Amino acid sequence: MEADPSAKSAGLPPVMPGIFNWPEGGAPSLSGGHCPACDRYFFPRPSYCPGCLGRADEAEVGNSGVIYSYTVVRTRAPLGLPEPYPVGYVDLDQTGLRVFSLLDPEAIGRLRLGLPVKLAVKPLGHDLFGSPCLRPLFTPKD
C-alpha cells in the first residue's frame, strides 16, 4: 500500500496536525522533534527536550524501518479503524528512534519481527469529531 495521492488531492486532513510531512510528489515522512543541544530525536515532537529542557526543533524522523514488536488487536476498534487492526513498534532507519504506530491492516498475514517496512498514508477511520482523515501507518516494503 502506497501513500494515496487521491486522498491528498481530496483535501482530507491528517488525524493529528504535524504528525507527518508529505511533500508534493514525494514520499511521506514522520514529523517529530530534534534537540540540537543533546542531538536527540523524538516522536511526537515535544515542546522542550526532556533531557536538557532546551527547545526541540521540528525534524523529519523517518519513513522506513523494521518491526521490533507487534500485536493484532481483535476487540472493537476505536475511531472507525478496521477490525482487526495491527499496531507495533518500528525501529526507524533514519534516526534510530523506536516509534509506536499503526501497521497495515491489509498485511496482517505478512507481519513478522524484523520485517522491513515503509511509511504509507491513507484515509482510514475518522478523527475525534467523526470526520474522515488521513493516517500514517507502516506497511511491508515490496
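In which strand is Thr 71 found? Thr 71 is found in strand β5, where strands (E, at least two residues) and helices (H or I, at least four) are DSSP runs numbered from the N terminus. This is a predicted model, in which local features need pLDDT of at least 70, side-chain atom pairs count only at pLDDT 80 or more, and totals for chains, interfaces and linings use all residues. Residues are numbered from 1 along each chain as its sequence is written, and side-chain values use heavy atoms, with hydrogens and water left out.

**Stop 1**

Select Thr 71, which at 42% relative accessibility counts as partly exposed; buried means under 20% relative accessible area, exposed over 50%, and partly exposed in between, with a 1.4 Å probe and protein chains only. Leaving aside its neighbours within four places in sequence, Thr 71 is in contact (heavy atoms within 4.5 Å) with Tyr 85, Pro 86 and Val 87.

Together with Tyr 89 and Phe 100, Tyr 68 makes a nonpolar surface patch of about 340 Å². Such patches are made of residues with over 30% relative accessible area and no salt bridge, nonpolar side chains (Val, Leu, Ile, Met, Phe, Trp, Tyr) being joined within 5 Å and like charges within 9 Å, while the areas come from the Shrake-Rupley method with a 1.4 Å probe and, for residues, only the protein chains shown count as cover.

**Stop 2: the whole chain**

Zoom out and colour by secondary structure, which comes to one helix and nine strands, following the pattern α-β-β-β-β-β-β-β-β-β along the sequence. The C-alpha atoms fill a box of roughly 40 × 35 × 30 Å along the principal axes. Of the 142 residues, 42% count as buried, and the protein exposes about 7700 Å², of which carbon and sulfur atoms supply 53%. Among the contacts with a separation of 6 or more, 52% are accounted for by residues 24 or more positions apart.

**Stop 3: the salt bridges**

A search of the whole structure finds four salt bridges, each a side-chain nitrogen of Lys or Arg within 4 Å of a carboxyl oxygen of Asp or Glu. Select Arg 98 and Asp 91, whose side chains meet in one of them at 2.6 Å, N to O; Arg 98 is partly exposed, with a relative accessible area of 43%.

Next select Glu 106 and Lys 122, which form a salt bridge with the closest N and O atoms 3.1 Å apart. Glu 106 lies in the loop between β7 (98-102) and β8 (116-126) and Lys 122 in strand β8, so the pair ties together parts that are 16 residues apart in sequence. Here Glu 106 is exposed at 61% relative accessible area, whereas Lys 122 counts as buried at 14%.

Then go to Asp 142 and Lys 118, another salt bridge, whose closest N and O atoms are 3.8 Å apart. Asp 142 lies in the segment after β9 (132-140) and Lys 118 in strand β8, so this pair ties together parts that are 24 residues apart in sequence. Asp 142 is exposed, with a relative accessible area of 84%, and Lys 118 counts as buried at 18%.

**Stop 4: the cysteines**

How many disulfides does the structure hold? The structure holds zero disulfides, a disulfide being a pair of cysteine sulfur atoms within 2.5 Å. Select Cys 35 and Cys 52: the sulfur of Cys 35 is 3.6 Å from that of Cys 52, its closest cysteine sulfur, and this is too far for a bond. Cys 35 is buried, with a relative accessible area of 1%, and Cys 133 is buried with a relative accessible area of 1%.

**Stop 5: backbone details**

Most residues other than glycine have a negative phi, and most peptide bonds are trans. Select Phe 43 and Pro 44, where the peptide bond is cis with omega near -5°; Pro 44 is found in the loop between β3 (40-42) and β4 (57-62). A cis peptide bond also joins Glu 83 and Pro 84, with omega about -10°, and Pro 84 lies in the loop between β5 and β6 (85-92).

Finish with Leu 79, in the loop between β5 and β6, whose phi is near 55°, a positive value in a residue other than glycine.
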